[in-house]
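Trainee: Could you take me through the sheet in this model and what packs around it? I would like a close look at that one part.

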Amino acid sequence: MDLPLVYHPSYSAPLPSTHRFPMAKFRLLYDRLLHDRVVSPQQFQQPDRPPLEWLALVHSLDYIQSYSEGRLDERSLRRIGLPWSPALVERTWIAVGGTILTARLALQHGLACNLAGGTHHAFPDYGSGFCIFNDCAIAAKLLLQEELVERILIVDLDVHQGDGTAWIFRDEPRVFTFSMHCEANFPARKQQSDCDVALAEGMEDDAYLQKLAHYLPDLLSQFRPDLVIYNAGVDPHAGDRLGKLALTDTGLFRREMQVLETCVRQGYPVASVLGGGYCEDFDALVYRHSLCQRAASDVYRTAA
């Protein structure tokens, strides 16, 4: 079997043409992977909309319903940074379902990738920084509740700290949160992950990868997770307008290979999610995101 992938056409919801969030990247990534023959259509599975009870494992019912019914106040919507619409509500729910499906596939096959997800700034009762519901936290809580896993490691390499995820699991010993991010970047007020690695502005490929190599193998051997959820944000790239780090395309690919090989070769299943990436050059941005699936395909074939 080839690498399992998860995608839904609803991942790209309509936004105003002037909006700075690159919503079209999810659809364009799907198209690019097929066009470049990195993957085949048969590798994709479509997620379902998850039931309310699954979202309520992390988020308050009032917040879930207020957002989904369009009743959030303007201040709350500004904090999220995305205009409300029924299509965006559907997209938000489906993306959570996508990460849940990806996590289940990773447990079955050792590695799986979602072409969305990584909304790590969402807290139980509010959204922030383009994040509405925390898909990785919901997936982790659900798998723990279903007793499919006993320990989960969340490896968050988005350039911004996974503050919502850190707060959600602050008192949960079964989930270890690791965030390697640019210190001088959003959010201004950081939360405390189980392991935070704050990076200086302008860090380049080799220094970044050496820092990652210093932490990841030890985290795996010490925590011994049943599943790794990997937020593969590409906003550490030098060309990212919200990043402040200086990785190249080559550096990002080396990062993906480093994370995936380190985990999979030692028998730790990995569910990867897309994470952040912000660039007006959509071709360049989509290629950066595709590096994770390209690396994952290589690692999956080798492991098989």
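Mentor: Happy to! The open sheet has eight strands, paired in parallel in the order S2-S1-S3-S8-S7-S4-S5-S6. Strands here are DSSP runs (E, at least two residues) and helices are runs of H or I with at least four, both numbered from the N terminus; two strands pair if DSSP finds at least two bridges between them. Strand S2 (44-45) and strand S6 (195-199) are at the edges with a single partner strand each, so one side of each has no neighbour in the sheet.

Before going further, note that this is a predicted model: local features need pLDDT of at least 70, side-chain atom pairs count only at pLDDT 80 or more, and totals for chains, interfaces and linings use all residues. Residues are numbered from 1 along each chain as its sequence is written, and side-chain values use heavy atoms, leaving out hydrogens and water.

Now look at strand S4 (residues 152-156), which pairs with strand S7 (residues 227-231) in the parallel sense over five bridges. Asp156 has Asn231 of S7 as its bridge partner. Helix H6 (residues 135-145) packs on the sheet, where it touches S4, strand S5 (175-182), S7 and strand S8 (270-273). Contact means heavy atoms within 4.5 Å. The direction of H6 makes about 170 degrees with that of S7 (axes are lines fitted to C-alpha atoms, for helices over the stretch in contact, with angles from 0 to 180 degrees between N-to-C directions).

Finally, find Phe178: leaving aside neighbours within four places in sequence, its contacts include Leu153, Ile154, Val155, Asp156, Cys195 and Val197.
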